[in-house]
Amino acid sequence: MKQIALTTALAVALALPAQADESTNQENPGLMEKGVQLFFEGLLREMQPAFRDMEGLSEQLEPALRGFVENMGPALGDLLGQIEDFSKYHPPEILPNGDIILRRKSAKEIKAPEGEVDL
């Protein structure tokens, strides 16, 4: 969450000119500088509730994600060990009964660029 706020603040800083030109100074910024500054200040005010909501959501999801990684991590590691090269497989398919399958491509499909295989 803090990274998003820092990124936004950095964007604001980069949007403002690094140096004022001869017609403006620090006490009297130009219209473009004022406009950009007001735009980003308004954007930050509008985004603050969303940032707070995202922070709450991440706190709610953390235990579920941690449990998923603890339970599924070893199984996914085993699967990755068995599948040497994902480019040799078609995208996963979900069957009507809920099973997920990975179909291996034929030698002809592996050699030919995608979309050029006669089936």
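**Notebook: aromatic rings and a nonpolar patch**

I began with Phe 39, which is exposed, with a relative accessible area of 52%, and I noted at once that the model I was reading is a predicted one. Since exposed means over 50% relative accessible area, I could see why Phe 39 falls in that class at 52%. I then looked up Phe 40, which counts as buried because its relative accessibility is 16% and the cut-off for buried is under 20%.

Next I turned to aromatic pairs, and a search of the whole structure gave one. The pair is made by Phe 39 and Phe 40, whose ring centres are 5.1 Å apart and whose planes stand at 75° to each other, so I wrote it down as edge-to-face, the term for planes over 60 degrees apart.

For the overall layout I recorded three helices and two strands, which follow the order α-α-β-β-α from the N terminus on. The protein has 119 residues, of which 9% count as buried, and its accessible surface comes to about 10,300 Å², with 59% of that belonging to carbon and sulfur atoms.

My last entry concerns a nonpolar patch on the surface, formed by Phe 68, Val 69, Met 72, Leu 76, Leu 79, Leu 80, Phe 86 and Leu 102, which together have about 720 Å² of accessible area.

Terms used:
Residues are numbered from 1 along each chain as its sequence is written. This is a predicted model: local features need pLDDT of at least 70, side-chain atom pairs count only at pLDDT 80 or more; totals for chains, interfaces and linings use all residues. Side-chain values use heavy atoms; hydrogens and water are left out. Patches are made of residues with over 30% relative accessible area and no salt bridge: like charges are joined within 9 Å, nonpolar side chains (Val, Leu, Ile, Met, Phe, Trp, Tyr) within 5 Å. Accessible areas come from the Shrake-Rupley method with a 1.4 Å probe; for residues, only the protein chains shown count as cover. A salt bridge is a side-chain nitrogen of Lys or Arg within 4 Å of a carboxyl oxygen of Asp or Glu. Helices (H or I, at least four residues) and strands (E, at least two) are DSSP runs, numbered from the N terminus. Buried means under 20% relative accessible area, exposed over 50%, partly exposed in between (1.4 Å probe, protein chains only). Rings of Phe, Tyr and Trp (its six-membered ring) pair if their centres lie within 6.5 Å; planes under 30 degrees apart count as stacked, over 60 as edge-to-face and the rest as tilted.
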